[in-house]
Amino acid sequence: MKNIEWSSLEFGYTRTDYNVRCHYKDGKWGELEVSDSEMLTIHMSSTCLHYGQEAFEGLKAFRGKDGKIRVFRRVENAKRMISSANHVMMIAPPVELFTRAVDKAIKLNEEYVPPYDSGASLYIRPLLIGVGPRMGVAPAKEYLFVVFVSPVGPYFKAGFKPVKAMLERVYDRAAPNGTGHIKVGGNYAAGMLSTHEAHERGYALSIFLDSKEKKYIDECGPANFFGIKNNTYITPSARTILPSITNDSLMTLARHLGMTVERRKIPVEELATFEEAGGCGTAAVISPVSIIDDLSTGQSIIIGSPDTAGPWSTRLYNQLRAIQYGDAPDEFGWNSIVE
Ligand SMILES: Cc1ncc(COP(=O)(O)O)c(C=O)c1O
């Protein structure tokens with residue numbers, strides 16, 4: 001294993017030894033190539049630079065107590081990249097190429113997979129871009145698929161604690177029939193100003209509302225939203241929301257633990273009725289939210305304790321992490337071992 005101060009790793013980029021790349025050209029994908037360079041050389045007229053032909057993914061691998069490396073639900077990420085690529089008219093890597101590239105990038109950098117007891121993990125970033133010269137607005141003829149990895153520290157340095165959020169009343173993240181449901185760069189650029197202003201005001205994140213009526217909860221920063229009451233896990237359903245693999249896993253676990261699961265519209269007024277709430281995604285699994293401020297009305301919605309995550313959120317968080325690290329049986333077949 002590399003000589004890294006694992007416990008002081010941030011959730012950020014650390015250089016590793018290799019990345020893997022594959023080019024799509026003349027109507028077909030080439031061989032998977034291994035590179036030790038962090039740089040890409042692409043044509044200045046590439047569609048990814050001008051017209052946003054770009055999609056990415058984010059997933060993690062974990063080292064277990066048994067020393068094995070488990071990567072979490074990578075086939076789901078492969079399928080989501082296909083859905084993203086189709087919507088912005090890119091050629092997607094087939095599932096088999098995607099999973100082979102992910103496994104290879106992990107294996108080549110296995111010394112960077114943090115030790116079991118560090119609370120850290122290996123973040124994997126698959127990236128697909130349209131390349132080659134193109135002037136008019138049209139899909140690229142060539143594509144580059146890259147998978148790189150970086151060890152990342154635990155998302156919560158201070159432990160699993162609730163954060164404060166604000167309702168976003170000014171900016172929209174995604175249009176009703178736009179690209180909110182896919183993982184393309186433009187969605188993130190559209191959300192940056194909102195997050196920046198939330199941080200400036202002392203909030204950890206902003207909660208987006210549906211952009212048509214401004215009545216319903218949409219995304220929770222770069223994560224899905226969920227609320228819990230009466231032993232029921234409730235998460236918004238809308239075409240503007242990215243289908244989170246973490247949320248899907250939490251819904252499965254919630255049912256398994258005896259909760260009722262509802263996917264439906266969540267009106268803003270319902271927030272005050274939740275006993276627990278949070279955002280969920282690969283980076284943090286769950287970010288509990290205990291205060292949601294609506295700056296337009298001055299209303300402050302208090303959900304649960306400001307100091308500790310609620311009992312269901314804690315149970316769901318611990319259970320999912322236990323599966324990811326190989327401490328609990330993988331009952332749903334979510335992990336693949338990287339040999
Ligand atoms: C906008 C957005 N929503 C939700 C999620 C959570 O998705 P996942 O659980 O697959 O990481 C992410 C993170 O990938 C995201 O960027």
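Two strands are taken to pair if DSSP finds at least two bridges between them. In this predicted model, strand β16 (residues 285-294) and strand β17 (residues 299-302) run antiparallel and are joined by four bridges. Aspartate 293 has serine 300 in β17 as its bridge partner. Four residues lie between the two strands of this hairpin, and in the turn glycine 298 has a positive phi of about 80°.

The protein is divided into domain 1 (6-152) and domain 2 (163-324), and 26 Å separates the C-alpha centres of domain 1 and domain 2. To their contact, domain 1 gives 20 residues and domain 2 gives 11 residues. On the side of domain 1 that touches domain 2, at least two residues come from each of β4 (54-56), β5 (59-63), β6 (69-72) and α2 (74-87). The most is given by α2, with six residues. Sorted by class, this side of domain 1 holds seven nonpolar, six polar and seven charged residues.

Helix α3 brings the discussion to the interior. Its 14 residues (residues 95-108) should span 20 Å at 1.5 Å a residue, which agrees with the 20 Å between its end C-alpha atoms. Phe98, Ala101, Val102, Asp103, Ala105 and Ile106 are buried in α3. The buried residues of this helix pack against β1 (19-25), β5, β6, α2, β7 (121-131) and β8 (142-152).

In soluble globular proteins, nonpolar side chains tend to be buried together. The largest nonpolar core here has 41 residues, of which Ala61, Ala105, Ile106, Ile124, Leu128 and Tyr143 touch the most other members. At least two residues of this core come from each of β1, β5, β6, α2, α3, β7 and β8. A second, separate core of 39 residues includes Met166, Met251, Val289 and Leu316. Which residues does isoleucine 106 touch, not counting residues up to four places away in sequence? The contacts of isoleucine 106 are Ala61, Ile69, Val71, Val113, Leu122, Ile124, Val149 and Val338.

Is histidine 43 buried or partly exposed? Histidine 43 counts as partly exposed because it has 14 C-beta neighbours inside 10 Å, whereas a buried residue would need 20 or more. Although histidine 43 and valine 131 are 88 residues apart along the chain, their C-alpha atoms are separated by 6.5 Å. Leaving aside residues up to four places away in sequence, histidine 43 touches Val131, Gly132 and Pro133.

Conventions: Residues are numbered from 1 along each chain as its sequence is written. This is a predicted model: local features need pLDDT of at least 70, side-chain atom pairs count only at pLDDT 80 or more; totals for chains, interfaces and linings use all residues. Domain bounds come from an automatic or database domain assignment. Two residues are in contact if their C-beta atoms, placed from the backbone, lie within 7 Å. Ala, Val, Leu, Ile, Met, Phe, Trp, Tyr, Cys and Pro count as nonpolar, Asp, Glu, Lys and Arg as charged, and the others, Gly among them, as polar. The expected span of a helix is 1.5 Å times one less than its number of residues. A residue is buried if 20 or more other C-beta atoms lie within 10 Å of its own, exposed if 12 or fewer, and partly exposed in between; C-beta atoms are placed from the backbone. A nonpolar core is a set of buried Ala, Val, Leu, Ile, Met, Phe, Trp, Tyr and Cys residues joined through C-beta atoms within 7 Å.
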